[in-house]
Amino acid sequence: MKRIAVAAMAVLVAVSGVFASDYFFAAEKGMVLINANVKPKSLNAKKLKIKNFTRATIKDVENIGDTLVITYVLETLNKKLKADKNDIPFTYRVKIVDGTLVMDAASFMTVPAEVGGAISVSGDMPRLPANISAGQRLNDVSFDIITDLELMKQTTNIAITDYKCLAVESVTVPAGTFEAYKITQTVTATTKMIVSVSVTSVSETWNVKGIGPVKTIAYNAKGKAQSASVLYEIKR
């Protein structure tokens, strides 16, 4: 069940070949991106307060027809950058379709064999085109995550609104200084079982071409920062 929760969170928050540097995602096979999950208040302090790390390794890059498919392996690391023995590495995919980055939601939805059942996704996925500019508004999207397990069945609707590029600016993180596109979006997750429960959050993400997110801050509906991460290291 822990793995399912991690997968759903990955969907909420929001290529290769010679054109990889044009897109907002890393796409070099074997490339490793290490992100530090930090306490939000420490972002403006002299020293970051690190909670743990995540390590994303590009396992494969494939050209399938007109689509570029990049496969990632995501792991949780402790403060000493050591893998958590109790955490199962998570594999997911992203795609480049017609010059636009698209999350492959189906790759996030996995169910351990011991749990039984299935998870499916329907609707529109978030898309981030390569040619965005400051002030540009992106399309709102909505999709459903349908969980049909042996012990439960529920539908969670994810609505992404106010999706836009606020600015293009320089941002400095432990991995270096980059020109980044600051993207904001409002995410409303509505879960329907016996009753409907909705949770709204707002995220700000600084995206760099050829790398992806280098800094992310998530806020609750009242505007209080709940979590943050920064790119800590890049290995090629």
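## Questions about a predicted model

Me: Is valine 195 buried or exposed?
Reply: Its relative accessible area is 56%. The cut-off for exposed is over 50%, so valine 195 counts as exposed.

Me: Which residues form a nonpolar patch on the surface?
Reply: Valine 195 is one of them, and together the patch residues have about 550 Å² of accessible area. The patch is formed by Met193, Ile194, Val195, Val197 and Val199.

Me: Is threonine 184 buried or exposed?
Reply: Threonine 184 lies in strand β10. Its relative accessible area is 9%. Buried means under 20%, so threonine 184 is buried.

Me: Which backbone oxygen does the side chain of threonine 184 reach?
Reply: Leaving aside neighbours within four places in sequence, threonine 184 is in contact with several residues, including Val202, Ser203 and Glu204. At 3.3 Å, its side chain reaches the backbone oxygen of serine 203.

Me: How many salt bridges does the structure hold?
Reply: Side chains of opposite charge can pair when their charged atoms come close. One of the salt bridges here joins lysine 29 and aspartate 60. The structure's total is five.

Me: How many residues apart are lysine 29 and aspartate 60?
Reply: In this salt bridge the closest N and O atoms are 3.8 Å apart. Lysine 29 sits in the loop between α1 (2–12) and β1 (32–38), while aspartate 60 belongs to strand β2 (residues 50–64). The pair links distant parts of the chain, and the separation is 31 residues.

Me: What is the distance between the closest N and O atoms of arginine 55 and glutamate 75?
Reply: These two residues form a salt bridge. Arginine 55 is in strand β2 and glutamate 75 is in strand β3 (residues 67–77). Arginine 55 is partly exposed at 23% relative accessible area, whereas glutamate 75 is buried at 18%. Their closest N and O atoms are separated by 3.0 Å.

Me: Which residues are linked in a network of salt bridges?
Reply: Start with the side chains of arginine 137 and aspartate 140, which meet in a salt bridge at 3.8 Å, N to O. Arginine 137 is partly exposed at 47% relative accessibility, and aspartate 140 is partly exposed at 41%. The network links Arg137, Asp140 and Asp162.

Terms used:
Residues are numbered from 1 along each chain as its sequence is written. This is a predicted model: local features need pLDDT of at least 70, side-chain atom pairs count only at pLDDT 80 or more; totals for chains, interfaces and linings use all residues. Side-chain values use heavy atoms; hydrogens and water are left out. Patches are made of residues with over 30% relative accessible area and no salt bridge: like charges are joined within 9 Å, nonpolar side chains (Val, Leu, Ile, Met, Phe, Trp, Tyr) within 5 Å. Accessible areas come from the Shrake-Rupley method with a 1.4 Å probe; for residues, only the protein chains shown count as cover. A salt bridge is a side-chain nitrogen of Lys or Arg within 4 Å of a carboxyl oxygen of Asp or Glu. Buried means under 20% relative accessible area, exposed over 50%, partly exposed in between (1.4 Å probe, protein chains only). Helices (H or I, at least four residues) and strands (E, at least two) are DSSP runs, numbered from the N terminus. A polar contact is a pair of N or O atoms within 3.5 Å; within protein, one must be able to donate a hydrogen and the other to accept it, and residues adjacent in sequence count only if both atoms are side-chain atoms. Contact means heavy atoms within 4.5 Å.
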